[in-house]
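Visitor: I have a two-chain model on my screen and I'd like a guided walk through it. Could you take my questions one at a time?

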Amino acid sequence: MATAVHLLTPEEAGAHPTPESIVVRFAGDSGDGMQLTGGQFTLATALAGNDLATFPDFPAEIRAPQGTTFGVSAFQINFGSTDIETAGDAPDVLIAMNPAALKVNVSDLKPGGLVIVDSGEFNARALAKAGYDGNPLEDDALARWQVLSFNISQLTLESVKPFGLGNKEALRCKNMWTLGLALWMFDRDRGAIVDWLRAKFAKMPELAEANIAALNAGHAYGETAELAGPIKQHSIAAAPAEPGLYRTVTGAEAISIGLVAGAQLASLPMFFGGYPITPASAILHHLARYKEYGVITFQAEDEIAAIASAIGASFAGSLGVTSSSGPGIALKGEAMGLAIMTELPLVIINSQRGGPSTGLPTKTEQSDLYQAVYGRNGDAPMPVLAARSPADAFDCAIEAVRIATQYMTPVMLLTDGYIANAAEPWRVPDMAGYQPFPARFRAEPAGEDGVRPYDRDRNLALDWIKPGTPGLMHRIGGIEKRDGTGNLDYSPDNHQHMTNVRRDKVLGVAAGTPEQEVTLGERGAKLAVVGWGSTFGPIHQAVRRARRRGLDVAHVHVRHIWPLPRNLGDLLRSFDSIVVPEMNTGQFKTLLRDQYLVDAKPLTKVSGQPFKIAEIEAAIAEALAGHPGGNLAADDTQLPGKDSDYDDGRRAEALSPQSR
Amino acid sequence: MNDMTKLTAKDFATDQEVRWCPGCGDYAVLKAVQRTLPEIGARPENTVFVSGIGCSSRFPYYMETYGFHTIHGRAPAVATGVKLANPQLDVWIITGDGDALSIGGNHTLHVLRRNLDCQILLFNNEIYGLTKGQYSPTSREGTRSPSTPFGSVDRPANACAFALGSGARFVARGIDVHKNLPDVLKAAHAHRGAAFVEIYQNCVVYNDDVFASFTDKARAPTAQLWLRHGEPLLFAGGTRGLALDVGTLGLKVAEVAEGDWQAAGVLRHDVRNRTLAHLLAEMPFGDFPMALGTLYDDPAPTFDSALLEQNAAVAAGKKPDLQALVSRGQSWMVEKQPRVE
Ligand code: SF4
């Protein structure tokens, strides 16, 4: 649960139980190594048995100008002793490595929360760069929070002095010092991080030792320094969890190994054609390492070649896979039509980001749903799935492979920047529990009337015929073919028939997938909050809280976006009203209205940031209060605090000039 | 069919009605390919023709092999996936001047640069036939067409020079109706790696006789120079040849008196000489003859073999183990009940 309470003062500590969960945000310059720090803190937290969710948030520029607000990189983690499904609404603790990081992030901090800053970075120049007129450590700008400022730069330099590093290199160890302090604060073990540093700097042992020294120094500082007030060691109990082996996994990694598992379950070699694009590249990077699983990765010359090569590989008998983000998916559109027309299996992954055009490359959004379901020329139906969390992406990838190979069709799997980058604990599945679905290839020689490549099975799927098979030579292509023979045929009745067959084949996928369940709550509730994709966490928590308050609300989370689950229409009609939160301007809402004529209402957010639990809770309350018209569509008042909703720093500045 | 069966051109022809305009040069190329395949020992089941879009890209439908008629310009990319997924297949790419040099220029560049083991037959008719006659990237300046009613003003691309510039290791030229075309195709097939063949193909409907200045029987002896490795670069019945112009570092036409080509300074063709290949590809026709046959043939490691060898080397000694795959990284055990404080 993400209702983090703020850290306790000594007086409060006696009166209140230990908090269930805590939200910590590390923020610094993009060169300060905050993602690394956050990643290692995540590892230590997972090893301590907490449930957790993370939210890495970094600028699009690789190295934005140092010290500026738009160069700020942040990593938020929510961890606790209960189920954690979001990265948390507001941090309890903010660690800010420079004035710009403080400026951009501090307004998100809970009232009374703790700020830890490196006072060594708060000089006149850095303050000016961040747009501060005065020094917030000296005036009352931070009065709402507890502030702990000490010279982390200086303390780091002292701790690594014995290693004779240059000033610049020595200061690079700041993030490890800070991590050491954070590990002390939450009673986390340093062992795994020491191992990691030794492995990372195996070729430069003095760097490894310097970083370890900084880590230890930060930890010791917490332990020994006589710090007044806010800083205090906390212990968060391990989260109750199903017994078993656990690891952390990001969405990109879960998809990658899910694809490998899917290909193995289908008894197929896998061919992955990709082209670098944020935030999808991580999938290409992961898969490039799994050679022993029969995976070929091909970094193509462009997005079109990436999908075209995957289609070629599918034709030749491999599982073709391609992956991109919105702009690249747009380029692949024509080739998707070819895969639909030639009825070849193919998996297409879209790690969605803010759009249109280049949009917000490093920010998350769910605005490619129309593109996935409708975005091709001609009547070009394609199954579409959406993963709801990093761990869920593993099963979704397997499901995508199953549908592609069993129905001989391209399948699109939607994730987003949040799922791709975020990490969560994952109970390692027992692979023996997965039912294999081996692909079938036609091998028996043609009969009297020739090869007939367009004969269909009961799923309306074609047989897969691999080149190299004697006696089954045939030609496929993007031109309309006659069913059965596969000969070119432009005749009107044939095109009508083939269009219907392609539609029915894809609609038929629903017969082989589970019925839609109510994720939380009951069928027939007053209100259903219907979601898809990465909004799962905030919706689930918001519905849970609302139900605890006695509200009659249910959560329905849809994985199969196209075709929709066969019982979804009936299920939706059982609720009095429906709200659909999504990070776009209401795309799934439109799909549901179109398919079922239900009065689904939108709750939308396109700020590049995930929903906060509180935003959805408020929408639930409003909907159940009989809000006239019930239109919860995005307007400014509905979005979370504009000035706290960090986009690139410049925006925050523009919106809150009073903070200068 | 077993390996002893002797195949003929007929075995490579489908029952589909060929739908090119009567008199189109594509017919001659189709016949040449169907004749060549049995001679090089091709097996229909191991042969794949991949094409893009355009008149020539209908080609796979007429070949009794595996075939894939893909989308405009993307045949090299599809072929790359086919070949990497099954390197045993003999992959032929059929494309045209618009398909390969305009919409698909990027893929042509990269398939040549990577050196995928395949044959690329570019049917150059200097026009967009299928879309009814617009000028193409190889059309000469001043070409009048529906989209350039007052004549085109942009300079044409030179297909062979483009191929060489992209790093091709085999570059050849042929003519649709010329008897030497099967020999050119055989040389391309014998080359391991990407073999690029430009075929001058007459479009009778929209660009008739555009190559007549060198394909005409009467003009052929003075206008065509057929290249043969190790042989002098002679044409016009041996009375003229190509010599090095030291002043311009280019080629010049030298008169050969009484067959003494050495005295005239005529060069010998060397298919491994990349500089010579560039000079031959770029010779302006008119002042010079048209260089035909194999301009360049110098094999290098292929992309498919390099990639698959690396994959095999990395995979060597490792067992695919799904349970190990999902358990990678740092993990921890949750015993029965979590600790509660
Ligand atoms: S339009 Fe030209 S190239 Fe096309 S089939 Fe007719 S003659 Fe041949």
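Predicted model: local features only at pLDDT ≥ 70, side-chain atom pairs only at ≥ 80, totals over all residues.

Visitor: How much area do chain A and chain B bury between them?
Guide: Start with the head count: 78 residues of chain A touch 60 residues of chain B. Interface size is often quoted as the accessible area lost when the parts come together. Here, 65% of that area sits on carbon and sulfur atoms, and the total for chain A and chain B is about 5700 Å².

Visitor: Which residues of chain A lose the most area to chain B?
Guide: There are three to name, and together they account for 13% of what the chain A side buries. They are A:E301, A:M473 and A:R475.

Visitor: Which element gives the most residues to the side of chain A that touches chain B?
Guide: Several elements of chain A give two or more residues to that side, including α2 (34-47), α10 (251-265), α13 (326-342) and β15. The residues on that side divide into 50 nonpolar, 17 polar and 11 charged. The top contributor gives 8 residues, and that is α12(A).

Visitor: Which strand of chain A is in the open sheet of 9 strands?
Guide: The pairing in this sheet is mixed, and its order runs β15(A)-β2(B)-β1(B)-β3(B)-β4(B)-β8(B)-β7(B)-β13(B)-β9(B). β15 (475-477) of chain A and β9 (224-227) of chain B stand at the edges with a single partner strand each, so each has one side without a neighbour in the sheet. Neighbouring strands are turned by 20° against each other on average, ignoring direction. The strand from chain A is β15(A).

Visitor: Where β15(A) joins β2 of chain B, which residue stands opposite A:I476?
Guide: β15(A) and β2 (residues 66-69) of chain B run parallel, joined by 3 bridges.

Visitor: What angle does helix α6 of chain B make with β7(B)?
Guide: Helix α6 (residues 181-190) of chain B packs on the sheet, and among the strands of chain B that this helix touches are β4, β7 and β8. Its direction against that of β7(B) makes about 165°.

Visitor: Which strand of chain B is in the open sheet of 3 strands?
Guide: The order is β14(A)-β7(A)-β14(B), with antiparallel pairing. β14 of chain A and β14 (331-334) of chain B are at the edges with a single partner strand each, so one side of each lacks a neighbour in the sheet. Neighbouring strands here are turned by 35° on average, direction ignored. Chain B's strand is β14(B).

Visitor: What is the bridge partner of A:V249?
Guide: β7(A) and β14(A) pair in the antiparallel sense over 5 bridges. The partner of A:V249 in β14(A) is A:E424.

Visitor: Which residue does a cis peptide bond join to A:P356?
Guide: Most peptide bonds are trans. A:P356 lies in the loop between β11 (346-352) and α14 (369-374) of chain A. The cis bond there has an omega of about 0°, and the residue joined to A:P356 is A:G355.

Visitor: Which residue takes a positive phi in the hairpin of β11(B) and β12(B)?
Guide: β11 (residues 240-245) and β12 (residues 250-255) of chain B run antiparallel over 6 bridges, and B:A243 stands opposite B:K252. The hairpin has 4 residues between the strands. The residue with phi near 55° is B:L249.

Key: Residues numbered from 1 in each chain as written. Chains lettered and ligands numbered in written order. Heavy atoms only, no water. Pairing = 2+ DSSP bridges. Axes fitted to C-alpha atoms, helices over the stretch in contact; angles between N-to-C directions. Contact = heavy atoms within 4.5 Å. Buried area = accessible area lost by both parts, 1.4 Å probe. Nonpolar A, V, L, I, M, F, W, Y, C, P; charged D, E, K, R; others polar.
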